[in-house]
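Me: I want to learn how to read charged pairs and surface patches in a model. Can we work through one together?

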Amino acid sequence: GIPETEIRERKQQSAIQSNYLIMVRAPLFLLCAAGAAAFAPQSSLTNSRSSVLRAELGDEVKTAAEKFTEPGRNPNNPALPELKGDYDWDEKFASDPDWITDNVPGKVVLNEVELAAQVSALGKLEDGWRKERLNKEYDGARILGWTDMAETYNGRFAMFFLVVGLLTEYWTGVTIPGQIEEMLRVGGFIGPDF
């Protein structure tokens with residue numbers, strides 16, 4: 001069999017590994033829980049906080065809530081006073097030179113001719129944007145030919161090999177045309193000079 005010391009060592013190693021896994025898993029679990037809480041909807045957190053606050057404060061919260069539900073308060077927002085009827089803001093700010101009352105965006109009434117002209121202009125604009133989007137998608141899907149990506153790669157390779165040629169000229173003293181001649185000789189395209 002297996003010697004007893006080796007069994008003891010294996011048990012110690014497995015205990016160390018399990019402790020290590022616990023030490024690694026616990027912070028990861030807490031990190032995941034904190035991350036999930038960070039993305040939880042705010043309303044559930046607010047409701048739980050307000051219920052805890054009500055439980056702690058009790059009657060004080062009720063009196064504050066009663067204060068805001070008294071008559072003369074806005075039912076949608078009890079912190080604000082109640083607005084009665086249709087408030088005329090134009091009358092209140094008529095003396096303000098920046099206050100506009102004619103052609104207010106969202107309140108302008110268009111006749112059918114103006115509305116049709118606006119719809120046709122928006123249709124033309126939409127067609128132009130659709131054509132541009134389709135052209136971009138088509139160019140992005142092309143692999144061969146005069147594509148934007150091919151031009152980008154061509155420019156990058158040209159600049160890279162220009163820098164390589166200049167550095168080679170700097171280090172060896174052989175000019176770029178001399179380097180091209182050397183490559184052609186090595187490749188067998190130009191015969192040797194005898």
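Reply: Start with one residue. Asp139 is partly exposed, at 31% relative accessibility. Keep in mind that this is a predicted model.

Me: Why does Asp139 count as partly exposed?

Reply: The general idea is a pair of cut-offs: under 20% is buried, over 50% is exposed, and partly exposed lies in between. Asp139 has 31% relative accessibility, so it falls in the middle class.

Me: Which residue does the side chain of Asp139 meet in a salt bridge?

Reply: The general idea is a distance test: a side-chain nitrogen of Lys or Arg within 4 Å of a carboxyl oxygen of Asp or Glu. Here the partner is Arg142, with 3.7 Å from N to O. Arg142 is partly exposed too, with a relative accessible area of 28%.

Me: How many salt bridges does the structure hold?

Reply: Six. One of them joins Asp127 and Arg130, at 2.9 Å from N to O.

Me: Which residues are linked with Asp127 and Arg130 in a network of salt bridges?

Reply: Look past the single pair. Glu126 belongs to the network as well, linked with Asp127 and Arg130.

Me: Where do Glu181 and Arg185 lie?

Reply: Both sit in helix H7 (residues 176-186). They are four residues apart, about one turn of the helix. Read the accessibility on each side of the pair: Glu181 is partly exposed, with a relative accessible area of 37%, and Arg185 is partly exposed at 24%.

Me: Now the patches. Which residues make the nonpolar surface patch?

Reply: The general idea is to join nonpolar side chains within 5 Å, taking residues with over 30% relative accessible area and no salt bridge. In this model, Met149, Tyr153, Phe157, Phe160, Phe161 and Val164 make such a patch, of about 640 Å².

Me: Take Phe161. Is Phe161 buried or exposed?

Reply: Exposed, with a relative accessible area of 53%. The cut-off for that class is over 50%, so Phe161 passes. Phe161 is placed in helix H6 (residues 148-172).

Note on methods:
Residues are numbered from 1 along each chain as its sequence is written. This is a predicted model: local features need pLDDT of at least 70, side-chain atom pairs count only at pLDDT 80 or more; totals for chains, interfaces and linings use all residues. Side-chain values use heavy atoms; hydrogens and water are left out. Patches are made of residues with over 30% relative accessible area and no salt bridge: like charges are joined within 9 Å, nonpolar side chains (Val, Leu, Ile, Met, Phe, Trp, Tyr) within 5 Å. Accessible areas come from the Shrake-Rupley method with a 1.4 Å probe; for residues, only the protein chains shown count as cover. Helices (H or I, at least four residues) and strands (E, at least two) are DSSP runs, numbered from the N terminus. Buried means under 20% relative accessible area, exposed over 50%, partly exposed in between (1.4 Å probe, protein chains only).
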